[in-house]
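Thanks for asking me to look this over.

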Amino acid sequence: MRASDRRLPSLTGLRFVAALAVFGFHLNALGLFRGGPAEGAMGLLFGPGAIGVSFFFVLSGFVLTWSARPGQAATSIWRRRAAKIYPNHVVAWFVALLGLVVLGAHEVSGVSVALGALLLQAWVPAESVYFAVNTPAWSLSCEAAFYLAFPLLIRWISRVTRLWWLAGALAAGVALVPVVAMLFPPQVEYWFVYVFPVTRVLEFALGMVVARIVMSGQWIGLRPLPASALVLVAYFGSAHVPGTFGFVAVTVVPLTLLIAAVAVSDVDGTRSPWRSRPVVWLGEVSFAFYLVHHFVIRTVAEGLEELGVTGMPAVVPAALMFAVSLLLAWLLYRFVEKPAFRLLTRQSQAV
């Protein structure tokens with residue numbers, strides 16, 4: 001059996017850790033703990049949580065390459081990826097839009113709504129566009145671009161023999177992005193480093209290359225525990241790096257090493273805390289959780305404010321936001337993501 005024929009449940013479990021980091025980042029960024037005794041701890045723990053998106057980008061490249069088959073048609077790849085992400089996105093997008101309408105928000109333009117619904121928002125260097133309606137969906141705009149490029153990228157990477165050299169070049173490219181971004185105004189600088197699909201595709205391609213390294217037996221033998229330690233050092237260290245270097249450049253290599261080390265652990269069958277059934281289930285609903293959590297945080301916070309509920313410890317609304325997000329994620333996964341994927345992939349196989 002080829003390595004790429006093996007399932008990677010630990011990577012599924014780790015997806016929820018990344019989604020939880022982004023959830024905590026948004027709790028912190030939206031000021032839920034501001035002024036309270038937990039403010040410093042939340043800032044320390046979740047201040048760098050946005051790097052969870054980088055984990056998703058590298059993981060996407062790794063998993064798509066891992067599961068790719070020789071001769072697979074580009075249209076087949078595109079249909080399966082669209083069937084995976086678009087139904088959830090459409091439902092979450094219009095629920096978030098409905099929430100904005102009900103709450104009386106008027107700052108969202110028709111152009112932003114249309115671009116976001118079509119997953120084109122990340123190409124526009126304006127926060128009012130790429131973060132409009134359902135903020136986390138900007139990353140799906142990047143993912144959609146990656147999926148379109150994947151058939152071309154996999155043909156190119158499959159011909160490369162010096163894979164570690166290519167991985168190093170891609171990592172260096174990620175590190176150079178913030179340097180180039182210094183040429184732009186601050187608003188565009190942030191977009192160029194963190195949102196622009198052309199710069200973020202470097203992480204996706206790095207995941208692809210490292211998947212090829214593992215599949216070809218060229219892995220260096222790094223185990224999950226030391227790889228996790230590297231990620232933690234980079235995670236907390238990224239908060240102390242100047243400029244936009246902390247957004248992606250500091251953490252991309254440790255994250256990539258962790259993904260590969262955990263994949264090898266699954267192939268070898270060694271013990272893994274991320275392979276247990278509850279953790280894997282959380283990983284399975286993590287995509288839906290990622291899509292719903294931001295508007296849940298926003299809606300619960302505004303609802304409590306409207307009701308005049310104040311003075312409670314911040315952990316109470318945070319726990320409520322997490323519970324509601326997880327419940328909605330399960331509903332979205334159970335009644336939209338799974339049946340829509342089965343239906344759309346069944347139809348594509350019949351074409």
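Leaving aside its neighbours within four places in sequence, which residues is V174 in contact with? My reply comes in point 2, after a few words on the model as a whole.

1. **Ground rules and overall build.** This is a predicted model, in which local features need pLDDT of at least 70 and side-chain atom pairs count only at pLDDT 80 or more, while totals for chains, interfaces and linings use all residues. Residues are numbered from 1 along each chain as its sequence is written, and side-chain values use heavy atoms, with hydrogens and water left out. The protein has 15 helices and 0 strands; helices (H or I, at least four residues) and strands (E, at least two) are DSSP runs numbered from the N terminus. Its radius of gyration is 20 Å, close to the 20 Å that the globule rule gives for 351 residues, so the protein is as compact as a globular protein of that length. That radius is taken over C-alpha atoms, and the rule is 2.2 Å times the number of residues to the power 0.38. Along the principal axes, the C-alpha atoms fill a box of roughly 60 × 50 × 45 Å.

2. **V174.** Beyond those sequence neighbours, V174 is in contact with L202, E203, V248, A249 and V252, where contact means heavy atoms within 4.5 Å. V174 lies in helix α8 (residues 163-181) and counts as buried, at 5% relative accessibility. Buried here means under 20% relative accessible area, exposed over 50%, and partly exposed in between (1.4 Å probe, protein chains only).

3. **Burial and contact range.** Of the 351 residues of the protein, 47% count as buried. Among contacts between residues at least 6 apart in sequence, 81% join residues at least 24 apart.

4. **α3 against α7.** The axes of α3 (residues 52-67) and α7 (residues 138-159) come within 11 Å and cross at roughly 30°. Axes are lines fitted to C-alpha atoms, for helices over the stretch in contact, and angles run from 0 to 180 degrees between N-to-C directions. The two helices are therefore roughly parallel to each other (angles under 35 degrees count as such). The residues of this contact divide into 10 nonpolar, 3 polar and 1 charged. For these classes, Ala, Val, Leu, Ile, Met, Phe, Trp, Tyr, Cys and Pro count as nonpolar, Asp, Glu, Lys and Arg as charged, and the others, Gly among them, as polar.

5. **α1 against α13.** Helix α1 (residues 9-29) packs on helix α13 (residues 277-284) at about 65°, with the axes 7 Å apart. On the α1 side P9, T12, G13, R15 and F16 take part, and they meet V279, V280, L282, G283 and E284 of α13. This contact comprises 5 nonpolar, 3 polar and 2 charged residues.

6. **Two loop residues to look at.** Most residues other than glycine have a negative phi. L119 is not a glycine, yet has a positive phi of about 60°; L119 sits in the loop between α5 (110-117) and α6 (127-130) and is buried, with a relative accessible area of 5%. V133, in the loop between α6 and α7, also has a positive phi, near 65°. At 3% relative accessibility, V133 counts as buried.

Methods. Angles under 35 degrees count as roughly parallel, over 145 as roughly antiparallel, 65 to 115 as roughly perpendicular and the rest as oblique.
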